[in-house]
Amino acid sequence: MKRIALFLLTNIAVVAVLGIVASLLGVNRYIGPNGLNMSSLLGFAFIMGFGGAIISLLISKPMAKWTSGVQIINEPRNADEAWIVNTVRGFADKAGIGMPEVGIYEGEPNAFATGAFKNSALVAVSTGLLEGMTREEVEAVIAHEVAHIANGDMVTMTLIQGVMNTFVVFLSRLIGYAVDSFLRKNDENSSGPGIGYMITTVVLDILFGFVAAIIVAWFSRQREFRADSGAAQLMGNRQPMMNALARLGGMHPGELPKSVAAMGIAGGIGQLFSTHPPLEERIAALQNAR
């Protein structure tokens, strides 16, 4: 419930801020007496599309901490915490990135990496992962998350999401205006967008949003294969990553906040909308790697 409330409140706040920005720049008035202003519509779509994605990226670390209850390890309190921090530090040094923040959270087996910048990211592992895997397998999972950071996956996925969002906003309103104009072509007294525009825009926002989600999920799955390969390189051996994935196959992965789900070690079960490929495919990809 806490995650859902924070997610909804954050999105409402982001939309409100972007709406104010669009209003101040004047791009929200893309339909005027002379018809559709394409440049204003494109500006509005860009602000709403990229703005939301970029803000989500910038607040991804605090949001992940709040929604998952991540306890940052500032000073290791025991040998296990010291081992986790040293493991992350070793892989970060090897990958050539700054030392990420390291945290632990209560939950089923999973882990994630997040953050807007390579040199100030966050790597978090769950208690379920630490309890259910061998140290070598946990090392592989941590290496996978560090590979996500080193590959710049958080920024890459943000840019892809921004492009998709922009197209959704732009096309739905462009088609909505065309439909509305057709329905009201004999109404000389009409001004401003009508019911045809509003209904069409809402419906297409939803439909195009689904298509965009499928495309973003496909890109996310490709980044997972690359992070698996990166983990194998960081460890100097692909077998631990394969063992960790096989172990995950017998576990019930914990749910992650939507803001970091694409950077976790395990994802959902929906094929088209899943941010992660099936574990069997990931293992096979590592087996066939040269």
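This is a predicted model: local features need pLDDT of at least 70, side-chain atom pairs count only at pLDDT 80 or more; totals for chains, interfaces and linings use all residues.
**Exercise 1**

Work out whether S172 is buried or exposed, and find the polar partners of its side chain.

*Solution.* Start by locating the residue: S172 sits in helix α7, which covers residues 153-183. Next, look at accessibility. The relative accessible area of S172 is 0%, so S172 is buried, the cut-off for that label being under 20%. Now turn to the polar atoms. The side chain of S172 makes a polar contact of 2.7 Å with the side chain of D205. A polar atom of the S172 side chain also lies 3.2 Å from the backbone oxygen of V169. Finally, list the surroundings: setting aside residues up to four places away in sequence, S172 touches F167, T201, L204, D205 and F208.

**Exercise 2**

Describe how helices α4 and α8 pack, and which residues meet.

*Solution.* Take the geometry to begin with. Helix α4 (residues 79-95) and helix α8 (residues 195-235) have axes 10 Å apart, at an angle of about 100°. The two helices are therefore roughly perpendicular, since that label covers 65 to 115 degrees. Then inspect the contact: F91, K94 and A95 of α4 meet Q233, L234 and M235 of α8. Sorted by class, this contact holds 4 nonpolar, 1 polar and 1 charged residues.

**Exercise 3**

Decide whether E137 is buried or exposed, and find what its side chain reaches.

*Solution.* E137 belongs to helix α6, residues 135-150. Its relative accessibility is 7%, so E137 counts as buried. The side chain of E137 reaches the backbone nitrogen of T134 at 3.1 Å. Beyond its neighbours within four places in sequence, E137 contacts P240, N243, A244 and R247.

Notes: Residues are numbered from 1 along each chain as its sequence is written. Side-chain values use heavy atoms; hydrogens and water are left out. Helices (H or I, at least four residues) and strands (E, at least two) are DSSP runs, numbered from the N terminus. Buried means under 20% relative accessible area, exposed over 50%, partly exposed in between (1.4 Å probe, protein chains only). A polar contact is a pair of N or O atoms within 3.5 Å; within protein, one must be able to donate a hydrogen and the other to accept it, and residues adjacent in sequence count only if both atoms are side-chain atoms. Contact means heavy atoms within 4.5 Å. Axes are lines fitted to C-alpha atoms, for helices over the stretch in contact, and angles run from 0 to 180 degrees between N-to-C directions. Angles under 35 degrees count as roughly parallel, over 145 as roughly antiparallel, 65 to 115 as roughly perpendicular and the rest as oblique. Ala, Val, Leu, Ile, Met, Phe, Trp, Tyr, Cys and Pro count as nonpolar, Asp, Glu, Lys and Arg as charged, and the others, Gly among them, as polar.
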